[in-house]
Amino acid sequence: MPSLQVRELPVNIYHRLQKRAKAEHRSLAQEAVVTLARGMETAVSHKDRRRKLLQTIAEQTCFVGKKMASVDPVQLVREDRER
């Protein structure tokens with residue numbers, strides 16, 4: 001995972017970040033990542049990523065009525081091996 005070093009960080013920002021980290025029971029680095037992600041409107045939450053993944057799977061899955069169409073796993077493995 002990449003790392004980031006911030007130089008010449010204003011003291012007031014450092015103290016505010018430190019205060020928020022303590023209030024949220026996070027390390028200073030974790031709080032910085034969360035704050036940056038929020039500012040860039042990017043989700044870092046595992047729950048959010050899982051929710052998006054499940055939504056993508058649901059959209060790509062073939063449904064017949066309210067039940068998922070049956071898929072033969074053996075056939076899928078054979079197709080994959082033949083590639």
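This is a predicted model: local features need pLDDT of at least 70, side-chain atom pairs count only at pLDDT 80 or more; totals for chains, interfaces and linings use all residues.
**Exercise 1.** Determine which face of helix H2 is buried and what covers it.

*Solution.* 
Step 1. Helix H2 runs over residues 28-39, and its twelve residues reach 16 Å from the first C-alpha to the last, close to the 16 Å expected at 1.5 Å a residue.
Step 2. Buried means under 20% relative accessible area; in H2, Glu 31, Val 34 and Ala 37 are buried.
Step 3. Viewed down the axis of H2, the buried residues fall within an arc of 130 degrees, so they line one face of the helix.
Step 4. An α-helix has 3.6 residues a turn, so residues three or four places apart point the same way.
Step 5. Ala 29 and Gly 39, on the other side of H2, are exposed.
Step 6. The cover over the buried residues of H2 includes helix H1 (11-23).

**Exercise 2.** Identify the salt bridges of the structure and state how their partners are joined.

*Solution.* 
Step 1. Searching the whole structure gives two salt bridges.
Step 2. One of them pairs the side chains of Arg 20 and Glu 31 at 3.6 Å, N to O. This pair links distant parts of the chain, with Arg 20 in helix H1 and Glu 31 in helix H2, eleven residues apart.
Step 3. Arg 26 also forms a salt bridge with Glu 31, and their closest N and O atoms are 2.7 Å apart.
Step 4. Salt bridges that share partners join Arg 20, Arg 26 and Glu 31 into one network.
Step 5. Glu 31 is buried, with a relative accessible area of 1%, whereas Arg 20 is partly exposed at 37% and Arg 26 is partly exposed at 27%.

Notes. Residues are numbered from 1 along each chain as its sequence is written. Side-chain values use heavy atoms; hydrogens and water are left out. Helices (H or I, at least four residues) and strands (E, at least two) are DSSP runs, numbered from the N terminus. The expected span of a helix is 1.5 Å times one less than its number of residues. Buried means under 20% relative accessible area, exposed over 50%, partly exposed in between (1.4 Å probe, protein chains only). The arc is that of the directions from the helix axis to the C-beta atoms. Contact means heavy atoms within 4.5 Å. A salt bridge is a side-chain nitrogen of Lys or Arg within 4 Å of a carboxyl oxygen of Asp or Glu.
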